Amino acid sequence: MGQRARHLRSVFQSMLWGVQAGSRAPRGRSMMRNPTLLLALLLFAVNVRSAEPRTPLQERLQISNHAFSEAFAAQDLAAVKSYYTDDAVLMPEHSMARYGKDAIEDYYRQWFSGAKIGSLQKTAYETLDYGEYAIETGAFVQAYTKDGAQPYEYSGKYMVLWATGGDKLRIVSELWGANAPFDDAALPVIEDGAPSTERAFRNDAKIAEEIRGRNAIIGKLVTERKGSEHADLFLPDAIYMTYYTPMLVGINDIRRYFIEHERPGEVAIDSLSLSTGNIYPIDGGNLQLEQGFYVVDWRAGNDSGTVRGKSLNLWKRNQDGTLMLYRQAVNHD
């Protein structure tokens, strides 16, 4: 990264934290007073990165994202489906995970039936090139209109695992989520159907056990409301993309978020279940991308409930070989 780009990125991060720190919204809505400004700041950072020369992979991703967005806006179901691998896993916000191209096609068929698409803009923030795979994070803005409703802009961030082989990039797994709380009635109606039955994942047993051990630590810390210790499981240059919150870049922003979000006394966790789906070994096994799933039973005063969701967790080994969270994206079912 050039000197000017580093300076502008530093300015962006200071501006973003200024917006976050200046907010005094109720818990669960902090940093959300001005989601349009927050998205603009994220796009500012993206533009800083895009000012630098693109690699061949970044050029291919830009072409693929543009073509996908055009197909999506045209509601071309066959073209959209063609951008997924046969065994792809789609992890949409406010909906259950979809396994395989047919289930993914059904999801988009319902989306297109429930809304008239105006446009989809995807702007990459970062591309990690690992040869066989690439991992992309970025921002999206989707404009559409539901029948009988006003036009709506759905904006947030995303994380995608791409397969880079062949003449066309294809999505292996994808997760997205909004930058701010919103009424899910704004989304097209999607029928999830019956919950998926237990699946057999062809994961390396040793790696799966290691990741389960790391997740057990997370579950314990979340239940005990130890936010700072939770942040210790992230690498210093990690990126965290959680629900209803803008992208958090670097350990300082991540730690501040967890200290606030997992503050003792306001919310009690009665139970927390973390489970693992597919695990993709990347970069010779130095990284492991896990599809994660969670169920949380919570209480806050007289209120209580159950929250289900999913995540893409990119684990990377630190200097002593311990798996640490390097990139993570989370949303609610």
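Modeller: Two strands count as paired if DSSP finds at least two bridges between them, and please keep in mind throughout that this is a predicted model.

Colleague: What makes β5 and β6 a pair of strands?

Modeller: Strand β5, residues 152-163, is joined to strand β6, residues 170-178, by eight bridges, and because the requirement is at least two bridges, these strands pair. They run antiparallel, and one of the bridges sets K157 against its partner G177 in β6.

Colleague: Which strands lie at the edges of the sheet, and why are they called edge strands?

Modeller: The sheet is open and has six strands with mixed pairing, in the order β2-β1-β6-β5-β4-β3. Its edge strands are β2 (98-99) and β3 (115-129), each of which pairs on one side only.

Colleague: How do you know that helix α5 packs on the sheet?

Modeller: Contact means heavy atoms within 4.5 Å, and helix α5, residues 101-114, touches β1, β2, β3, β4, β5 and β6. The direction of α5 makes about 55 degrees with that of β1. Helix α3, residues 56-73, lies across β1 (84-91), β3, β4 (133-146) and β5, and runs at about 165 degrees to β3.

Colleague: What makes a group of residues a nonpolar core here, and how many residues has the largest?

Modeller: The members must be buried residues of the listed kinds, joined through side-chain atoms within 4.5 Å, and the largest such set has 60 residues, with F72, Y84, Y108, W111 and Y154 having the most contacts inside it. Helix α6, residues 205-223, gives the most to this core, with six residues.

Colleague: Why is strand β7 called mostly covered?

Modeller: Buried means under 20% relative accessible area, and six of the eight residues of β7 (234-241) are buried, so the strand is mostly covered.

Colleague: Which strands does β7 pair with, and how do you know that the pairing holds in each case?

Modeller: With strand β12, residues 323-332, β7 pairs in the parallel sense over four bridges, and F234 stands opposite L325 in β12. With strand β8, residues 248-249, β7 runs antiparallel and is joined by two bridges, which meets the requirement of at least two, so these strands also pair. I239 stands opposite V249 in β8, and in the hairpin of β7 and β8, with six residues between the strands, Y244 takes a positive phi near 60 degrees.

Technical notes: Residues numbered from 1 in each chain as written. Predicted model: local features only at pLDDT ≥ 70, side-chain atom pairs only at ≥ 80, totals over all residues. Heavy atoms only, no water. Buried < 20%, exposed > 50% of the residue type's maximum accessible area, 1.4 Å probe, protein only. Axes fitted to C-alpha atoms, helices over the stretch in contact; angles between N-to-C directions.
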